[in-house]
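Please look through the structure shown here with its strands, its charged pairs and its surface in mind.

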Amino acid sequence: SGPEIIIYEPINGSTATSSLVKVVGKALRIQNIYMNGKPLLIDQEGNFNNTLLLYPGYNISLFSAEDRFKRKVEYKLELLYENN
């Protein structure tokens, strides 16, 4: 049924208080996955984690993946970073 991207943390639309955020997720039925155009490493079950640097204010990170049949999926992770 095509590739799928699941982000467990952080919660989409949430507010971060640190400029460095750990992104944890899972990719299903994929051949390649990218975060903001850069390849992500995944384990055999499709799990991944990566550190994301946020800028003050509104941030969007784009996850994209494709399966071996070239079907594509995208996921936009939107976060607000408020540095106090």
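In the hairpin of strand 7 and strand 8, K70 takes a positive phi near 70°, and the hairpin has 5 residues between the strands. Strands here, like helices, are DSSP runs numbered from the N terminus, with at least two residues (E) for a strand and at least four (H or I) for a helix. The model is a predicted one, in which local features need pLDDT of at least 70 and side-chain atom pairs count only at pLDDT 80 or more, while totals for chains, interfaces and linings use all residues. Residues are numbered from 1 along each chain as its sequence is written, and side-chain values use heavy atoms, with hydrogens and water left out.

S61 is placed in strand 7 and is buried, because its relative accessible area is 4%; buried means under 20%, exposed over 50% and partly exposed in between, with a 1.4 Å probe and protein chains only. Leaving aside neighbours within four places in sequence, S61 is in contact (heavy atoms within 4.5 Å) with N36, L52, Y75, K76 and L77.

Side chains of opposite charge can pair when their charged atoms come close. The structure holds 3 salt bridges, a salt bridge being a side-chain nitrogen of Lys or Arg within 4 Å of a carboxyl oxygen of Asp or Glu. K70, the residue with the positive phi, forms one of them with E66, the closest N and O atoms being 3.7 Å apart; E66 counts as buried at 15% relative accessibility, whereas K70 counts as exposed at 56%. In another, R71 and D67 have their closest N and O atoms 2.7 Å apart, with D67 buried at a relative accessible area of 4% and R71 partly exposed at 39%.

The side chains of E4 and R29 also meet in a salt bridge, at 3.2 Å from N to O. This pair links distant parts of the chain, 25 residues apart, since E4 belongs to strand 1 (residues 4–9) and R29 to the loop between strand 3 (20–28) and strand 4 (32–35). E4 counts as partly exposed at 33% relative accessibility, and R29 is partly exposed as well, with a relative accessible area of 43%.

Y55 lies in the loop between strand 6 (47–53) and strand 7 (57–66) and counts as exposed, because its relative accessibility is 57%.

Taken as a whole, the protein chain has 0 helices and 8 strands. Of its 84 residues, 32% count as buried, and residues 24 or more positions apart account for 57% of the contacts with a separation of 6 or more. The C-alpha atoms fill a box of roughly 45 × 20 × 20 Å, taken along the principal axes.

Key. Pairing = 2+ DSSP bridges.
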